[in-house]
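Good morning, and thank you for coming.

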Amino acid sequence: MAVDLLLGLQWGDEGKGKIVDVLTSNYKIIARFQGGPNAGHTLVFNGMKHVLHTIPSGIFHEEAMNLVGNGVVIDPVIFKKELDKLSEQNIDYKSRLLISRKAHLILPTHRLLDAASETSKGKAKIGSTLKGIGPTYMDKTGRNGIRVGDLELQDWKEKYRALAKKHIAMIDFYNVKIDYNLEELETEFFEAIKVLKSIKFIDSEEYIYQSQKKGQSILAEGAQGSLLDIDFGTYPFVTSSNTTAAGACTGLGVAPSSIGDVFGIFKAYTTRVGSGPFPTELFDEDGAKIAKVGHEFGATTGRPRRCGWLDLVALKYACRVNGVTQLMMMKGDVLSGFKTIKVCTAYNYKGETITHLPYNIEEHNVKPIYTEFKGWKEDLTEMENASQIPQELNDYIDFLEKELEIPIKIVSVGPDRKQTIFR
Ligand code: GDP
Ligand code: IMO
Ligand code: MG
């Protein structure tokens, strides 16, 4: 049985959580394969809003099993908070949640290191979520990390002590002012570890293999977006994991040959939170309107998201890198009422017109070239089926499908589970 993937194609926050929730009824297992609590995946149903950071977005469905894969980095403290929220809503998460023994742990000192590194960079900071993501993946690839499976061994606290000691020395080396009380952080951490240990730890690659063999359907849930990929994103303004399709293979132990559909999610416009290049960013009334109507504030940090028009040059690149088979367009409702909608179809790159993403997309190098579309006036949020899509929006969708050569199968017209149009 093939494993389907669901990925963000932009700079994150495309609406992955919503669509995973919508699709979960088609799957037996939902598996997160990379990232950590830098993610904020929002689900809305029955008049309630839920934000998940580490836990897969299938957790609200009784029938689905949710796996935190080996490629994910887990902060026990944030994980505990997520579990507490689920308990408040009487969600029986223990029977639906599994954690890979090979997933790495974010230590309190990883968070401090993240803060020290960002502070030391000054204006050149990445705009990290300060969740300790970079330092944890550095320890993973540096072969110093502590994994979930280590918690079942006797000597893990010794390992912890040695690593935390090294981190403190590194923080001192940065020579920037970071206020912290390690004792308090550690008390909270060790309490949270106890809670983490109440969840079942498994050899997840074996579980995935056996589930595939039994014919169980699996959906791999991506975090962040393709332009934040450590290799293919706008480096160094990226996250520290492979957010693209290949990340699902290494982050779950799925063979490339068993990948099925690759669902690519994008907003009808573009947003970015944190620093880094963003060719179609708007600094005018249109940008402010998108931010306001789209409630563009980070689900994890609450920071305002930068907004701009859709960038087809970047979107095409993301579709290719991921091998996207089906597209899902989110937040079309936010563009209602715009007289003109613009799509960037090429870049003016150092005076030349190009249609591929160059190595360096710094603002002074790249100027977007736009194709304009007539906007639609209709409120889309009450729409129930594809026959109600206004002509102007259909024209927009047709254009994107033709350019990307991939069908747009879902048009999302509001945050709620129900506000989802299948085409
Ligand atoms: P994720 O990180 O990809 O899961 O996305 P986020 O949850 O961080 O951000 C998406 C935001 O848009 C959330 O607040 C969602 O509730 C909201 N959202 C998702 N789809 C739609 C949509 O079609 N229309 C509107 N207006 N909001 C949406
Ligand atoms: P979801 O899964 C949007 C951004 C940060 C920063 C950069 C590096 O909700 O789409 P990090 O904390 O990973 O070191 O930050 O990546 N970033 C995200 N932006 N959505 C996310 O996740 C993000 N996760 C990280 O803002 O620019
Ligand atoms: Mg998000």
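How do the residues of the shell around ligand 1 divide into nonpolar, polar and charged? They divide into five nonpolar, seven polar and seven charged. Here Ala, Val, Leu, Ile, Met, Phe, Trp, Tyr, Cys and Pro count as nonpolar, Asp, Glu, Lys and Arg as charged, and the others, Gly among them, as polar.

Before going further, a word on conventions. This is a predicted model, in which local features need pLDDT of at least 70 and side-chain atom pairs count only at pLDDT 80 or more, while totals for chains, interfaces and linings use all residues. Residues are numbered from 1 along each chain as its sequence is written, chains are lettered from A and ligands numbered from 1 in the order in which they are written, and side-chain values use heavy atoms, with hydrogens and water left out.

Let us begin with ligand 1. It is surrounded by 19 residues, of which the closest are Gly15, Lys16, Thr42, Asp333 and Ser412; a residue counts as near if one of its heavy atoms lies within 4 Å of the molecule. Several polar contacts can be named, a polar contact being a pair of N or O atoms within 3.5 Å; within protein, one must be able to donate a hydrogen and the other to accept it, and residues adjacent in sequence count only if both atoms are side-chain atoms. The side chain of Thr42 places an N or O atom 2.5 Å from an oxygen atom of ligand 1, and the side chain of Ser412 has an N or O atom 2.5 Å from an oxygen atom of this ligand. For Asp13, a polar side-chain atom lies 2.9 Å from an oxygen atom of ligand 1. On its own, ligand 1 has 580 Å² of accessible area, and the protein covers 92% of that; accessible areas come from the Shrake-Rupley method with a 1.4 Å probe, and for residues only the protein chains shown count as cover.

Which elements give two or more residues to the shell around ligand 1? They are α1 (16-23) and β3 (41-45), with the largest share, three residues, coming from α1. Helices (H or I, at least four residues) and strands (E, at least two) are DSSP runs, numbered from the N terminus.

Ligand 1 sits in the second largest pocket, in the sense that more than half of its atoms lie within 2 Å of the grid points. On a 1 Å grid over the protein atoms alone, a pocket is an open set with protein on both sides within 12 Å along at least five of seven lines, a cavity is a set of points where a 1.4 Å probe fits but cannot get out, and lining residues have an atom within 4 Å of a point. The volume of this second largest pocket is about 610 Å³; grid points are joined across faces, edges and corners, and a volume is the space filled by probe spheres set on the points. The pocket is lined by 27 residues, and the closest to its centre are Thr42, Gly294, Arg305, Lys331 and Pro415.

I turn now to ligand 2. There are 21 residues around it, the closest being Asp13, Lys16, His41, Thr129 and Thr239. Oxygen atoms of ligand 2 lie 2.9 Å from a side-chain N or O atom of Asn38, 2.8 Å from a backbone N or O atom of Gln224 and 2.9 Å from a polar side-chain atom of Arg303. The protein covers 98% of the 550 Å² of accessible area that ligand 2 has on its own. Its shell has eight nonpolar, 10 polar and three charged residues.

How many cavities of 30 Å³ or more does a search of the whole structure find? The search finds one. The space in the largest cavity is about 50 Å³, and its lining includes Leu9, Trp11, Leu227 and Asp311. Both β14 (310-311) and α10 (312-322) give two or more residues to that lining.

Finally, the backbone. Most residues other than glycine have a negative phi, and most peptide bonds are trans. Asp13, in the loop between β1 (3-8) and α1, has a positive phi of about 60°. The peptide bond from Tyr235 to Pro236 is cis, with omega near 5°.
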